[in-house]
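Please open the structure in a viewer and keep the sequence at hand.

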Amino acid sequence: PSVLTMVPESTVRRYTIFPHHLEGNTLVVLMKDPRNILAIDDLRMITKRDIMPAVSAEAAITKLIERFYGGTTGVEELAREFEGKRKEEDAVDTSALDDNAVVKLVNSIIREAFLQEASDIHIEPRQSDILVRIRIDGSLREYMRLPKGAGPAIASRVKIMSNLDIAERRLPQDGRVRYRDRSIDLDLRLSTLPTVYGEKIVMRLLRKAADIPEIEQLGFAPDVFQRFEDVISKPYGIFLITGPTGSGKSFTTFSVLKRIATPDKNTTTIEDPVEYEIPGINQTQVNPVAGLTFAKALRSFLRQDPDIIMVGEIRDSETAKIATEAALTGHLVIATLHTNDSAGAVTRLDEMGVELFNISAALVGVLAQRLVRKICEHCKIQVEPDPSVLRRLGLSKEDVRGKTLYKGTGCDKCNGTGYKGRAAIHELMVLDDEIRRAIVEGQSATQIKEIARKGGMKTLREDGIQKAFMGLTTLEEVMARTNE
């Protein structure tokens, strides 16, 4: 940390560089472009030392700059402010609080969530205080507690940011915020909810469209990837992506769109709400108040000469039927659905009133997925498998012989959890003649699943176990996320 004082913040931000450490008398500096002679000369002048450039990704440098040069958070300031007010709390109107402190506080919470790569921020009023939690890698962690009186001021600040009605405290509201602060540029989706103790606020941090990975980076096993690529390059049919909320469905969907929505295709999406704005495709948001539902939008899409249609979620029979018809009339439809596994999607469509012969004709494939936490690379060690976990996963001693398993011991990089980041596990069912015949005959999901497995499909659990043997995740994590 002592090298930070050698280079002023203005220089660091101007060139997007970061002074990292000293080697003898040489300062090692992280740069996105080590050929930038001007920056190196400037640094040599400022520090009066030799400079050794080291290459780093721009995003990583930005994170370091924000974390170490970020300035004060305003938290201490605010805490003092409230302590003073609390003495005479009954008499004081909370609006008399220093607005500046509240603005700083909200900004610091958002920034810290961004730096820790959190997906959501929860600000919850409790009986005696206000709890701020952030969700990292799928689990919530306490971030800070604030005095009770801060609630209304924070709620108002957040509402002002997203142009919501500050006076309305009795009804839920939702909105969007484009948050910009120095080098952080974020989209937030925001929702307020009246509770017994005040308004609870949840902010979802949305990734930028540029952060959506290519399909190669989604973590498919090599054999599954080949089949996945073949399915999404079909000219028409319906491809379903299924899984519970927060299993990365929309991420996969957009990753697929990024690959297939080429300039020679007309791609239209209907979403609720539009999360990632992607250049080159037409995105529509459902608006039930105005009468624009999934089904209505889908109907009008068919008159818009589309090649690829993306349906945010199939929730009712009308949407399911129109989506299937669209697939039968020569369009490629990509949709998400809430089911537990890939074969269950067939039953779900059937329950929604789509005829079995239509399902078998229209469906080209179903991808079920879950997110498992990845083992932290910094504190990864080899471990012996836990016999009770093996028993519950249905693995014998023979299955794990010669295989290595790992786990994280917990370090400051992963906040002591042993996990950092998440990876997807997949179950891809590609429809062949045998499965189509089974669907038309009205066989159950279990029977369809068996046929698919004979054809080489790996179940979610099998894919997860394979990834645990590869050292990506742990068997406990696979067991927690899948149920066979």
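Are Phe220 and Phe225 buried or exposed? Select the two residues: Phe220 is buried, and Phe225 is buried as well. It should be noted at the outset that the model on display is predicted.

**Aromatic rings**

A pair of aromatic rings is described by the distance of the centres and the angle of the planes. Five aromatic pairs are counted in this model. One of them joins Phe220 and Phe225, with 6.3 Å from centre to centre and 50° between the planes, a tilted arrangement. Now extend the selection to Phe228 and Phe239, which together with Phe220 and Phe225 form one aromatic cluster.

Next, select Phe251 and Tyr276. Their rings make an edge-to-face pair, with centres 6.0 Å apart and 65° between the planes. Phe251 belongs to helix H8 (residues 249–260), whereas Tyr276 is in the loop between strand S11 (267–271) and strand S12 (282–285); the pair therefore ties together parts that are 25 residues apart in sequence. Phe251 and Tyr276 are both buried.

Two further rings are to be viewed together with a lysine. Select Lys63 and Phe114: the charged end of Lys63 sits over the ring of Phe114, at 5.4 Å from the ring centre. Then select Lys403 and Phe469, where the charged end of Lys403 sits over the Phe469 ring, 5.2 Å from its centre.

**Strand S11 and its partners**

Proceed to strand S11, residues 267–271. Five of its five residues are buried, so S11 is largely enclosed by the rest of the structure. Display the side chains of the strand: Thr267, Thr269 and Glu271 point one way, while Thr268 and Ile270 point the other way.

Which strands pair with S11? Strand S13 (residues 308–311) runs parallel to S11 and is joined to it by four bridges. Within this pairing, Val311 of S13 stands opposite Ile270. Strand S12 also pairs with S11 in the parallel sense, again over four bridges. Here Gln285 of S12 stands opposite Glu271.

**Ala297 in helix H9**

Select Ala297, a residue of helix H9 (residues 294–301). Ala297 has a relative accessible area of 1% and is therefore buried. Leaving aside residues up to four places away in sequence, Ala297 touches Ile270 and Leu292. A distance may also be drawn to Gln285, which is 12 residues away along the chain: the C-alpha atoms of Ala297 and Gln285 are separated by 9.0 Å.

**The nonpolar cores**

Which residues touch the most other members of the largest nonpolar core? They are Ile238, Leu240, Val311, Ile314 and Met429, in a core of 39 residues. Residues up to four places away in sequence being left out, the contacts of Leu240 include Ile314, Ala335, Leu337, Ala345, Leu349 and Leu363. Gly365, Val366 and Leu367 are also among the residues that Leu240 touches.

A second, separate core has 31 residues, among them Ile110, Ile130, Ile184 and Leu186.

Now select strand S5, residues 129–136. S5 is mostly covered, since six of its eight residues are buried. Strand S4 (residues 120–125) pairs with S5 in the antiparallel sense over six bridges. The two strands form a hairpin with three residues between them. To locate one of the bridges, select Asp120 and its partner in S5, Arg135.

On to strand S6 (residues 139–147), which runs antiparallel to S5 and is joined to it by eight bridges. The bridge partner of Ile136 in S6 is Ser139. S5 and S6 form a hairpin that has two residues between the strands, and in this hairpin Asp137 takes a positive phi near 50°.

Why does Thr47 count as buried? The relative accessibility of Thr47 is 11%, and a residue is buried when the value is under 20%. A polar atom of the Thr47 side chain lies 2.7 Å from the backbone oxygen of Leu43. Finally, display Met6, Val7 and Leu27, which Thr47 touches when residues up to four places away in sequence are not counted.

Notes: Residues numbered from 1 in each chain as written. Predicted model: local features only at pLDDT ≥ 70, side-chain atom pairs only at ≥ 80, totals over all residues. Heavy atoms only, no water. Phe/Tyr/Trp six-rings, centres within 6.5 Å; stacked < 30°, edge-to-face > 60°. Buried < 20%, exposed > 50% of the residue type's maximum accessible area, 1.4 Å probe, protein only. Lys NZ or Arg CZ within 6 Å of the ring centre and 35° of its normal. Core = buried A, V, L, I, M, F, W, Y, C linked by side-chain atoms within 4.5 Å. Contact = heavy atoms within 4.5 Å. Polar contact = N/O pair within 3.5 Å; in protein donor to acceptor, adjacent residues only side chain to side chain. Pairing = 2+ DSSP bridges.
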